[in-house]
Amino acid sequence: MKDEVITREERVANLKGMGCSRKRVEDARFTQGKGNYVDDIKLDGMLFGDFVRSPYAHAKITNIDTAAALEVPGVLAVLTAKDLEPLGLHWMPTLAGDKQMVLADGKVLFQGQEVAFVVAEDRYAAADGIEAVEVEYEELEVLIDPFKSMQSDVVLREDTVDENGKPMDGAHGPRTHHNHIFTWEAGDKDPTFEVIDSAEVVAEETMYYHRTHPCPLETCGCVASMDKVNGKLTLWGTFQAPHAIRTVVSLISGIEEHNIRVISPDIGGGFGNKVGAYPGYVCSVVASIVTGKPVKWIEDRMDNLMTTAFARDYWMKGRISATKDGKITGLHCHVTADHGGFDACADPTKFPAGFMNICTGSYDIPTAYLEVDGVYTNKAPGGVSYRCSFRVTEAVYFIERMIEVLAIELNMDAAELRRINFIKKEQFPYTAALGWEYDSGDYHTAWDKALKAVDYEGLRAEQAQRIEDFKAGKTRSLMGIGLSFFTEIVGAGPVKNCDILGLGMFDSCEIRIHPTGSAIARLGTISQGQGHATTFAQILASEIGLPADSITIEEGDTDTAPYGLGTYGSRSTPVAGAATAMAGRKIRAKAQMIAAYLLEVHDDDVEFDVDRFVVKGAPERFKTMKEIAFAAYNQAIPGIEPGLEAVSYYDPPNMTYPFGAYVCVMDIDVDTGVTDIRRFYALDDCGTRINPMVIEGQVHGGLTEALAVALGQEIAYDEMGNVKTGTLMDFFLPTAWEVPNYETDHTVTPSPHHPIGAKGVGESPHVGGVPCFSNAVQDAFRAFGLRHTNMPHDHWRIWKTANELGLHG
Ligand code: CDP
């Protein structure tokens with residue numbers, strides 16, 4: 001038999017299963033221009049819709065005149081809040097339990113807010129129609145600063161106060177001021193304050209994690225097509241959570257869920273931007289119902305940057321206490337969170353500040369207390385997890401800066417301070433002071449490996465020499481050594497504590513094995529470039545013994561895929577990846593019974609071996625999975641149903657906690673503020689590695705977005721609420737020019753509760769990268785008295801820092 005001459009190693013290699021750097025199967029179509037993005041969808045008679053947007057950040061609308069717009073050739077309809085009101089669609093629920101205007105209802109709360117929706121025969125006619133809509137505004141006082149907003153008499157959201165102007169309770173409890181949204185606490189306040197107040201050493205710092213934006217290359221958009229004959233609505237769109245969108249559309253439109261089909265085609269990056277529901281989706285659906293024709297809405301770049309889902313915007317005030325020899329004893333963090341005009345943050349319901357309560361980081365901190373106040377301002381809504389698991393990026397930035405500030409206070413090396421406070425390997429599973437149970441970790445091994453790889457001591461010696469040379473006037477360049485050690489928290493999440501809009505955050509996989517031994521697996525997640533079609537087939541290949549090349553992975557069509565909560569927060573591998581393995585194991589269990597029948601032995605007398613079941617102790621007697629698949633369809637097996645299919649809905653028992661150790665070596669020209677990243681070393685531990693090459697790609701991408709955020713990317717406003725960074729001329733997107741040559745490395749500490757031991761990885765490099773780049777800048781100036789300076793560290797701000805430290809003579 002042909003099989004017998006193939007070695008076991010060859011059989012393993014043929015599968016291209018877990019651990020193999022299998023080439024991405026998606027890339028053949030992407031590199032040949034054969035991707036199918038939402039804007040590629042063209043339907044007969046399709047119309048185009050676009051928005052009249054507010055030029056003001058805060059204004060009353062006294063009149064909207066659409067008459068002239070309706071005269072513009074090609075314009076068919078103009079929708080305003082008045083048209084949506086009878087349908088109850090002029091406001092929509094947000095993921096954070098607040099509500100948001102779909103179209104301006106009497107006032108606007110941020111620049112770029114959607115005021116009217118013009119429906120036309122094409123994009124150009126829509127643009128002409130937008131020009132012709134006349135809106136009268138009465139400007140109101142603008143509140144951009146959350147601290148001022150909390151002091152102001154100006155009520156931003158009249159719908160959130162009672163007839164006496166008193167704030168009504170919000171989705172997350174009592175509100176203390178009319179512009180206050182919630183207070184969220186975690187940990188023990190009094191014990192923490194006692195520890196900090198009586199500590200030998202206390203370091204305090206306030207830091208602003210600036211507002212930024214995920215800025216995927218493909219902007220948000222959709223095509224809505226209402227078939228009035230069969231009552232079916234099809235919605236194609238850039239949805240990171242297609243099933244959740246279907247449920248939301250059903251709830252707000254009243255169309256039964258079985259009559260709605262949501263399809264996420266190829267998606268050109270999401271990074272959190274495409275999780276929520278936007279007015280464009282609602283208006284396109286309404287316009288399609290009204291006109292009976294398909295309606296497309298695609299944002300342009302300015303729309304995307306100015307109005308959809310911002311990230312961060314956290315003011316974080318910290319106090320950290322320690323003994324004189326550097327053992328941390330307590331941590332207090334207060335956050336003022338600027339949520340803009342509507343609270344549209346995308347977080348699990350019970351976590352209004354996401355996973356900010358992982359801000360004790362990788363350290364064994366006995367007592368901690370976190371409080372977060374959400375505030376309304378005149379900025380765009382959003383609050384999404386830009387390439388991170390909810391607010392973990394903010395949390396990690398906070399603790400990694402606090403460690404550096406404490407190191408300054410203690411006059412200690414920051415690498416050593418980390419080492420003496422890491423949670424030890426034997427402490428896992430470790431329950432942190434703010435409640436999370438970390439599943440596994442080996443931080444000391446990772447840290448030692450990283451420091452050795454970069455010759456940390458050598459770098460510090462070089463830096464000391466550079467400082468001497470600078471002081472002696474021999475150089476105008478300083479050297480920063482950025483360190484960060486992060487623990488992520490990914491895989492939301494256990495249904496017992498994680499839901500979005502009441503939908504538990506499980507995920508799913510359904511597998512069908514075809515008679516000839518190939519398969520299709522459908523998942524509740526949706527790739528936006530992460531390579532799921534490649535890697536999930538690898539999980540299955542190892543689990544069911546069919547080659548990855550014979551397995552199709554399909555996601556994103558709610559008519560065919562099992563219900564799942566989608567892809568964001570690096571949850572795909574921890575949750576849907578686990579569902580895939582579990583469904584694979586169901587297939588294997590049935591295959592075992594079939595194999596035993598075919599081999600005429602008891603079920604317990606066969607065992608799985610790579611791609612077959614063999615009789616224990618008689619390896620020459622076996623049935624391959626291919627043979628078993630065929631038998632499942634063509635043989636009557638007593639007591640066993642025909643076919644070979646399985647489905648798994650996986651509710652993870654816990655999150656997974658990937659971690660990593662990063663070092664950045666940066667030269668800074670003191671006179672120009674120009675940074676040069678000489679070296680960037682990234683060690684990631686994401687547990688069992690499915691595809692090392694895909695992981696490396698994820699690390700490169702995450703680090704590049706971290707570089708962007710740390711060194712220049714921001715959504716900035718002037719005091720009138722005008723967005724100053726609404727185009728890619730002003731909003732920094734790094735190119736190959738700015739990006740250094742990353743050195744990647746890894747350790748492997750499997751998750752004990754995940755069926756294959758895998759943890760997520762897509763976002764870790766972003767989470768760990770931002771503080772690493774920032775710490776490099778700050779470290780360069782530590783010897784000259786800098787304690788902390790806020791990101792983004794663009795050349796101008798670095799120059800200013802140098803100037804303020806008196807380094808320009
Ligand atoms: O949810 P998302 O896909 O953004 O993130 P992820 O679960 O971290 O996965 C990103 C990509 O890396 C996927 O293709 C994963 O299958 C792959 N990955 C891997 O190969 N090994 C891991 N341990 C984790 C992720």
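Pro-429 is located in the loop between helix 12 (414-421) and strand 19 (430-431), where helices (H or I, at least four residues) and strands (E, at least two) are DSSP runs numbered from the N terminus. The peptide bond joining Phe-428 to Pro-429 is cis, with omega at about -5°. The structure is a predicted model, in which local features need pLDDT of at least 70 and side-chain atom pairs count only at pLDDT 80 or more, whereas totals for chains, interfaces and linings use all residues. Residues are numbered from 1 along each chain as its sequence is written, and side-chain values use heavy atoms, with hydrogens and water left out.

A cis peptide bond also joins Ala-492 and Gly-493, with omega of about -20°. Gly-493 belongs to the loop between strand 21 (477-487) and strand 22 (499-500). In strand 15 (residues 310-322), Arg-312 adopts a positive phi of about 70° although it is not a glycine.

The protein is assigned domain 1 (8-35 + 507-650), domain 2 (38-140 + 219-267 + 274-307) and domain 3 (389-490 + 657-804); these bounds come from an automatic or database domain assignment. The C-alpha centres of domain 2 and domain 3 are 40 Å apart. Their contact (heavy atoms within 4.5 Å) takes 8 residues from domain 2 and 10 residues from domain 3. The area buried between domain 2 and domain 3 is about 710 Å², with carbon and sulfur atoms giving 64% of it; buried area is the accessible area (1.4 Å probe) that two parts lose on being put together, summed over both. On the domain 2 side, Gln-111, Leu-305 and Met-306 lose the most area to domain 3, together 61% of what that side buries.

The ligand is surrounded by 22 residues, of which the closest are His-532, Thr-535, Ser-572, Thr-573 and Val-761; a residue is counted if one of its heavy atoms lies within 4 Å. Domain 1 and domain 3 both give residues to this shell, so the ligand lies between them. By class, the shell comprises 7 nonpolar, 13 polar and 2 charged residues, with Ala, Val, Leu, Ile, Met, Phe, Trp, Tyr, Cys and Pro taken as nonpolar, Asp, Glu, Lys and Arg as charged, and the others, Gly among them, as polar.

Helix 15 (532-544), helix 16 (572-599) and helix 18 (692-711) are the elements that give two or more residues to the shell.
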